[in-house]
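Here is a briefing on one structure. Please look over the sequence and the 3D view first.

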Amino acid sequence: MDSIEKNIGYNFRNRKLLKQALTHSSFSTDVHCNYERLEFLGDRLLGVIVAEMLCMTFNDEPEGSLAQRFAYLVSKERVAEVVTKLGVVKNIIVNRVEVRDSVNVLCDVGEALIAAIYMDSGNLDDVKKFVYRNWNSMLDGSSKPKRDFKTVLQEEIHPLGYDAPQYNLISKTGSDHEPLFLVEVNIGKGKVAKGEGRNKKQAEQQAAQKMLEMLGIKNV
């Protein structure tokens, strides 16, 4: 526990919260022992703090640009990246070791750790320190956020004579806590691409990205 706390940068008064934040439901289905409830809270806390960071850092940017930066910073990939850099992946308590390879699981653990710090400290100050310390390096103040893939696809295909993109949900699989959405985008002329994601929005973004790759259009 000492080494985990050192990596995280926070010393827990109640180490049961730390253990809970690192426990996957494959090891324990008890909601008071696994991280699912903590992940629910941590997701909201991360959103509030990242939104504050963006408003303070980019005080001249419009809401649209902030929203794009926000989506990037709270994405499962970025949260999973933080957890990996913290060096706690090997400490995630699972029934099967391969579960630790899931980006979704790493993201959930990151959000659960945020909630555990909040529950243990009883205030936002320590949570903000954790988020600012681990997310600050991802703030790129020298460049504008890239347009999202759906926006690029919408703007770029019209001059090429394709139809407006139509997104359709093909399937939803997995558990309620870890769903996987499969979405298809159709722009006519036989051009169809599919994408997967934790929610419909992410799946649509991936479908749009694959369509852009199919057409040879770069996201610039």
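**A helix with one buried side**

In helix α4 (residues 63-73), Ser65, Leu66, Arg69 and Leu73 are buried, where buried means under 20% relative accessible area, exposed over 50% and partly exposed in between (1.4 Å probe, protein chains only). These residues span an arc of only 100 degrees around the axis, which puts them on the same side of α4; the arc is that of the directions from the helix axis to the C-beta atoms. The cover over the buried residues of α4 includes α3 (36-57), α5 (76-86) and α7 (125-135).

This is a predicted model: local features need pLDDT of at least 70, side-chain atom pairs count only at pLDDT 80 or more, and totals for chains, interfaces and linings use all residues. Residues are numbered from 1 along each chain as its sequence is written, and side-chain values use heavy atoms, with hydrogens and water left out.

**Sheet**

- An open sheet is formed by three strands in the order β1-β2-β3, with antiparallel pairing.
- Its edge strands, β1 (166-174) and β3 (192-197), each pair on one side only.
- Neighbouring strands are turned by 20 degrees against each other on average, direction ignored.
- Strand β2 (residues 179-186) is joined to antiparallel β3 by six bridges.
- Valine 185 has alanine 193, in β3, as its bridge partner.
- Helix α9 (residues 200-215) lies across β1, β2 and β3, at about 145 degrees to β3.
- Terms: helices (H or I, at least four residues) and strands (E, at least two) are DSSP runs, numbered from the N terminus. Two strands pair if DSSP finds at least two bridges between them. Contact means heavy atoms within 4.5 Å. Axes are lines fitted to C-alpha atoms, for helices over the stretch in contact, and angles run from 0 to 180 degrees between N-to-C directions.

**Salt bridges**

- The structure holds 12 salt bridges, each a side-chain nitrogen of Lys or Arg within 4 Å of a carboxyl oxygen of Asp or Glu.
- Glutamate 204 pairs with lysine 150 in a salt bridge, their closest N and O atoms 2.8 Å apart. This pair links distant parts of the chain, 54 residues apart: glutamate 204 is in helix α9, lysine 150 in helix α8 (residues 149-157).
- Glutamate 204 counts as buried at 15% relative accessibility, while lysine 150 is partly exposed at 27%.
- Aspartate 43 and arginine 44 form a salt bridge at 3.2 Å between the closest N and O atoms. Aspartate 43 is partly exposed at 31% relative accessible area, and arginine 44 is partly exposed at 45%.
- A salt-bridge network links Asp2, Glu5 and Arg15.
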